[in-house]
Amino acid sequence: MRMNRNLLYGLAAAGAVLAGAALAQPTALKILQPTTRATPLPGMTAVGYLQIENDGRSDDRLLGAHSTAADSVEIHQMRTTGGMMQMRPLKEGLAVPAGARVDLRANAASGYHLMVIGVKQQLNPGDRLPVVLDFEKAGALPVDFVVQPLADTAGGKPAP
Ligand SMILES: [Cu+2]
């Protein structure tokens, strides 16, 4: 029920033209559990978590993302080296091989996540943060990230 509602919101936000295109070209990609955390102020950076499942027969690649609600969106990988946590943008995107599920979740071993930079409005629990994921083959895929209360998400401090 919640998934269906998310999809409808996404399509409504994207407009009738894009909705038509999405129906004409069904994608083999499934976006699971897109979530982010509440922020205390406008203008902050939010972390986007999700899983991408590729049920198709061809490999795809997440090339980038953008949002009308933020300045920019980057695909990041977090690594701990010598006790120091470091993040780096994945300039060449993120491979989503056929049959695979790619994890961009809090505490995922991969360290992958989306960095949503300069979120224009404060995010409160229950809000939705619209992000468009750009895939090499599947094209633009609108996703609404559901804002979770800070206490509900493991993984340490909110992003600076
Ligand atoms: Cu990051």
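Visitor: Which protein donors hold the copper ion, and how far from it do they lie?
Guide: In this predicted model, local features need pLDDT of at least 70 and side-chain atom pairs count only at pLDDT 80 or more, while totals for chains, interfaces and linings use all residues. Residues are numbered from 1 along each chain as its sequence is written, and side-chain values use heavy atoms, with hydrogens and water left out. Donors are N, O and S atoms within 2.8 Å of the metal (3.2 Å for Na, K and Ca), and as water is not among the atoms, sites may look incomplete. On that basis the protein donors are His 76 (ND1), Met 87 (SD), His 113 (NE2) and Met 115 (SD), and they lie from the copper ion at 2.1 to 2.3 Å.

Visitor: What arrangement do the 4 donor atoms make around the copper ion, and why?
Guide: Four donors count as tetrahedral if all angles lie between 85 and 135 degrees. The 4 donor atoms around the copper ion subtend angles of 93 to 121 degrees, and therefore the arrangement is tetrahedral.

Visitor: What spacing do the donors of the copper ion follow along the chain?
Guide: Strands are DSSP runs of E with at least two residues, and helices are runs of H or I with at least four, numbered from the N terminus. The pattern of the donors along the chain is H-x10-M-x25-H-x1-M. Within that pattern, distant parts of the chain are linked by a pair 37 residues apart, namely His 76 in strand β4 (residues 70–81) and His 113 in strand β8 (residues 112–119).

Visitor: Is His 76 buried or exposed?
Guide: Buried means under 20% relative accessible area, exposed over 50%, and partly exposed in between (1.4 Å probe, protein chains only). His 113 is buried, as is His 76. For His 76 the relative accessible area is 7%, so this residue is buried.

Visitor: Which side chain makes a polar contact with the side chain of His 76?
Guide: A polar contact is a pair of N or O atoms within 3.5 Å; within protein, one must be able to donate a hydrogen and the other to accept it, and residues adjacent in sequence count only if both atoms are side-chain atoms. At 2.7 Å, the side chain joined to His 76 by such a contact is that of Glu 74.

Visitor: How many helices and strands are there in the protein chain?
Guide: From the N terminus on, the elements run α-α-β-β-β-β-β-β-β-β-β-β. The protein chain therefore has, by the DSSP definition, 2 helices and 10 strands.

Conventions
Four donors count as tetrahedral if all angles lie between 85 and 135 degrees; four count as square planar and six as octahedral if opposite donors are over 155 degrees apart and all others between 65 and 115; anything else is irregular.
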